[in-house]
Amino acid sequence: MMFNMKAQTLPLIHLNDAQSLPAIDLLQKTFFVDAGMRDICRGNSDSVYRQRLRHWFAATLQMNLQTQQSVWGLEANGRLCAIAILTDSDKKRTAKAMLQWTITVGRSCGLNTVRRTIDQDHRRRPFLPDAAHTILEFIAVDPDWQGKGIARQLFNTIHQQAQTKKKVMWLETTRPHNVPIFEHFGYNLIDQNQKNGVDYFFMIHYATEDA
């Protein structure tokens, strides 16, 4: 990713069901190579994995929208070019939403995918901040728009929202080359661990007065 190109300001939208399909397309394309998602949605071939990944993102996005979590997007010429999915520590998923997610993912991806997702959630809990926080679950920028200031605009929105809510931002990544990129946006590496041969890097961003 480059940072020296002139930034462009694009319309910011709070995603709803109508934008789900392009959001799923972008998430599937971006996270197909992610080791953590490959571990969760693993299949005996790339085509099976790709299909499970799509179903998993569809169900997870729907659950986040139903529980009114923040799902931000940027549009260019009517096309979604960036997305960020967040979960707030003070917004609990309802039993109904979680049951629907479990049934949907279980049917489309298999119960082992459900189990591995739950295991991943338990794995990261000890590394979450004690203070009120927002988790940056996923962020994706279309390759055609990378290096044009789009990520900066999205991060600014995320950080301003966290500042307003007096929360710290937390994220994890499985890609070592992402660590300096997130550091560029003000995150600090606080810990890391490994599960099923996948390395996880945990990072945190503290609110500042001028965020």
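Analyst: Twelve aromatic pairs turn up when the whole structure, a predicted model, is searched. A pair of aromatic rings is described by the distance of the centres and the angle of the planes. For Phe31 and Phe138, the ring centres are 5.1 Å apart and the planes stand at 85°, so this pair is edge-to-face, since planes over 60 degrees apart count as such. Phe31 belongs to helix H1 (residues 20–31) and Phe138 to strand S4 (residues 133–141), so their contact ties together parts that are 107 residues apart in sequence. Phe182 and Tyr187 are both buried.

Phe31 and Phe138 are also part of a cluster, in which ring pairs link them with Trp56 and Phe57.

Strand S4, which holds Phe138, is part of an open sheet of seven strands with mixed pairing, in the order S1-S2-S3-S4-S5-S7-S6. At the edges of this sheet are S1 (12–14) and S6 (188–195); each has a single partner strand, so one side of each lacks a neighbour in the sheet. On average, neighbouring strands here are turned by 25° against each other, direction ignored.

The charged end of Arg123 is placed over the ring of Tyr200, 3.7 Å from its centre. Lys148 lies over the face of Trp145, with 5.1 Å to the ring centre.

Definitions and conventions: Residues numbered from 1 in each chain as written. Predicted model: local features only at pLDDT ≥ 70, side-chain atom pairs only at ≥ 80, totals over all residues. Heavy atoms only, no water. Pairing = 2+ DSSP bridges. Helix = DSSP H or I, 4+ residues; strand = E, 2+ residues; numbered from the N terminus. Axes fitted to C-alpha atoms, helices over the stretch in contact; angles between N-to-C directions. Phe/Tyr/Trp six-rings, centres within 6.5 Å; stacked < 30°, edge-to-face > 60°. Buried < 20%, exposed > 50% of the residue type's maximum accessible area, 1.4 Å probe, protein only. Lys NZ or Arg CZ within 6 Å of the ring centre and 35° of its normal.
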